[in-house]
Amino acid sequence: MAWNLIFWFISFCINVALLVLNFYQLLVLTDLEADYLNIYDSSSRINKLVIPEFLVQGVFCSLFLFTGHWFMFLITVPVSCYHINLFLKKEHLIDVTEVFRTLKREKYFRLAKLIFYLLLFLVVIFRLTLSAFNSLSDEDDILHLF
């Protein structure tokens with residue numbers, strides 16, 4: 001049971017990292033829209049985080065695959081496929097010259113991913129607390145045997 005608790009804690013940490021990365025990108029796009037940042041700074045800030053976000057999402061998805069959590073794997077596959085599709089089409093980076101033309105679309109997709117990660121965060125929190133409760137209740141049963 002301890003392995004299950006460790007797995008869900010790792011999933012929790014990865015999910016928090018995805019939430020932070022996505023929220024920061026959305027915040028930078030909002031600042032660009034409000035003209036608090038210039039185009040070059042906002043593009044470079046977001047472009048530095050795109051590949052790490054894709055890698056963390058890939059690790060998150062493969063973690064569910066290799067541990068046999070099929071439902072969670074099937075939930076995370078569409079976002080991973082979307083990231084792979086963006087990378088293969090070479091549309092994953094924000095172009096400095098076209099940032100204002102695609103600003104609304106970029107904000108929409110990042111907001112959709114943020115909502116997805118928040119929902120996934122609720123599921124992971126639930127499973128983490130359930131694993132912690134099961135782990136603690138199993139330890140109590142073992143102590144009563146002695």
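## Second largest pocket

About 150 Å³ of space lies in the second largest pocket of this predicted model. A pocket is, on a 1 Å grid over the protein atoms alone, an open set of points where a 1.4 Å probe fits, with protein on both sides within 12 Å along at least five of seven lines. Volume denotes the space filled by probe spheres set on the points, which are joined across faces, edges and corners.

Lining residues, defined by an atom within 4 Å of a point, are here Lys90, Glu91, Leu93, Ile94, Asp95, Glu98, Arg101, Thr102, Arg105 and Glu106. Seven of them are charged, two nonpolar and one polar. In this classification Ala, Val, Leu, Ile, Met, Phe, Trp, Tyr, Cys and Pro are nonpolar, Asp, Glu, Lys and Arg are charged, and the others, Gly among them, are polar.

## Largest pocket

The largest pocket has a volume of about 180 Å³. Its lining consists of Ile51, Phe54, Leu55, Gln57, Gly58, Val59, Ser80, His83, Ile84, Phe87 and Leu88. The elements giving two or more residues to this lining are helix H2 (39-67) and helix H3 (70-88), with H2 supplying the largest share, six residues. Helices are DSSP runs of H or I with at least four residues, strands are runs of E with at least two, and both are numbered from the N terminus. The lining of the largest pocket comprises seven nonpolar and four polar residues, and no charged ones.

## Salt bridges

A salt bridge is counted where a side-chain nitrogen of Lys or Arg lies within 4 Å of a carboxyl oxygen of Asp or Glu; the count comes to five. One of them joins lysine 107 and glutamate 33, at 2.5 Å from N to O. Lysine 107 lies in helix H4 and glutamate 33 in helix H1 (residues 2-33), so this pair ties together parts that are 74 residues apart in sequence. Glutamate 33 is partly exposed, at 42% relative accessible area. The accessibility classes are buried (under 20% relative accessible area), exposed (over 50%) and partly exposed (in between), computed with a 1.4 Å probe on protein chains only.

Arginine 101 and glutamate 98 form a further salt bridge, with 2.7 Å between the closest N and O atoms. Arginine 101 counts as exposed at 62% relative accessibility, while glutamate 98 is partly exposed at 36%. Glutamate 106 and arginine 110 also meet in a salt bridge, at 2.3 Å from N to O. Because they are four residues apart in helix H4, about one helical turn separates them, and both residues are buried. Salt bridges with shared partners join Arg105, Glu106 and Arg110 into one network.

## Annotated spans

An unreviewed UniProt entry carries the annotation "transmembrane region" for residues 6-29, 71-88 and 108-130. UniProt positions follow the numbering used here, feature names are shortened, and annotations may be inferred rather than shown by experiment. Residues 71-88 are 100% helix and 0% strand, with end C-alpha atoms 26 Å apart. Residues 108-130 are likewise 100% helix and 0% strand, and their end C-alpha atoms lie 33 Å apart.

## Confidence and conventions

The predictor's confidence in each residue is given as pLDDT, from 0 to 100. The chain has a mean pLDDT of 89, and 93% of its residues reach 70 or more. Among the elements, H3 has the highest mean pLDDT (94) and helix H4 (residues 103-145) the lowest (85).

Residues are numbered from 1 along each chain as its sequence is written, and side-chain values use heavy atoms, leaving out hydrogens and water. In this predicted model, local features need pLDDT of at least 70 and side-chain atom pairs count only at pLDDT 80 or more, whereas totals for chains, interfaces and linings use all residues.
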